[in-house]
Amino acid sequence: MTLLELAQAVAGELGLPSPSSVATSTDKQAVQILALLNKVGQDLVTEAEWQRLDKEYRFTTTVLTLTGSITSGSAIVTGLSSTASLAADTFMATGDGIASDCYIQSVDSGTQVTLDQAATETGSVSITFTKTKYALPSDWNRPINRTDWDKTNHWELLGPKSAQEWQYLKGGIVATGPRMRYRILGNTLQIWPPATTTSRLGLEYMSKSWVVAVDGTTYKTSFTADTDSALYPDRLMITGAKFELWNAKGLDVTTLRADYDDQLEKAKAQDKGAPTLSMGNRSTQMFISPGSIPDAGYGQQ
């Protein structure tokens, strides 16, 4: 159902005048119904891991290896072939004479950058610039745990790390390892250690865009046109708006609340599939396991 159809259903079931338009209406009743439909939709975003709002985010890490000149005690790097792909605060620099956890502080020209820490050596060195901070999708609401993977190396990313773990990794004695760690900080997905080769990373997240426009491809965080539709079940939106409207007017909402709660539980239960769980004994394993290895004499006739 479209926004207009939802609003008309809400009004009709409550015995109110049916609006002929909603998004552009100046009628106080229509304006209130629009506001409450948006409230219901926005509140539902955090009610469950709706498959309708579940999206994948994939990107390739950016790694550039350039030769530049450094001077001990100075944070300036000169003689780079090109700084066009570099950016301040998001690219970490690693190499001989470069301090640990060192980021680009500013891109000064097409051949020069300034780091946030001074070099410890002088000379022409190979420097690897790794982008370690990646912007989250614009419709990001929250992550779905344990969906973060390095698809190139077929490893699950380790994290999200706490503030204490993150600073230990970046400042402690043991700072690197074969597995990539991550943390969501400052509305960015941050990785550690800085990669030396590109990798394809991916994860799933919950979107906050629960409205789809009439074109079927434009998603929004609220109703803005009469032809918009919600990604949630229509009955859930209608019962939710009826409850909110009567509640805002200070009327008895006992029945309306029960109806809305019932629709909400049904919607969550039927939104996506679930595995079939067995209450019986575990089936016998087909392969060698601790349960099929003898205490002694393994491998003997």
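Two strands count as paired if DSSP finds at least two bridges between them. Helices (H or I, at least four residues) and strands (E, at least two) are DSSP runs, numbered from the N terminus.

This is a predicted model, in which local features need pLDDT of at least 70, side-chain atom pairs count only at pLDDT 80 or more, and totals for chains, interfaces and linings use all residues. Residues are numbered from 1 along each chain as its sequence is written, and side-chain values use heavy atoms, leaving out hydrogens and water.

**View 1. An open sheet is built from 3 strands.** Follow the order S8-S13-S12, with antiparallel pairing. S8 (133-135) and S12 (181-185) are the edge strands, each with a single partner, so one side of each has no neighbour in the sheet. From one strand to the next, the twist averages 25°.

**View 2. Strands S12 and S13 run antiparallel.** Here 5 bridges join S12 to S13 (residues 188-192). Look for tyrosine 182, whose bridge partner in S13 is isoleucine 191.

**View 3. Helices H4 and H5 cross.** The axes of H4 (residues 234-248) and H5 (residues 254-270) come within 9 Å and cross at roughly 150°; axes are lines fitted to C-alpha atoms, for helices over the stretch in contact, and angles run from 0 to 180 degrees between N-to-C directions. The two helices are therefore roughly antiparallel (angles over 145 degrees).

**View 4. Residues of H4 meet residues of H5.** Contact means heavy atoms within 4.5 Å. Among the H4 residues are Leu236, Phe243 and Trp246, while H5 brings residues including Leu256, Tyr260 and Leu264.

Terms used. Parallel < 35°, antiparallel > 145°, perpendicular 65-115°, else oblique.
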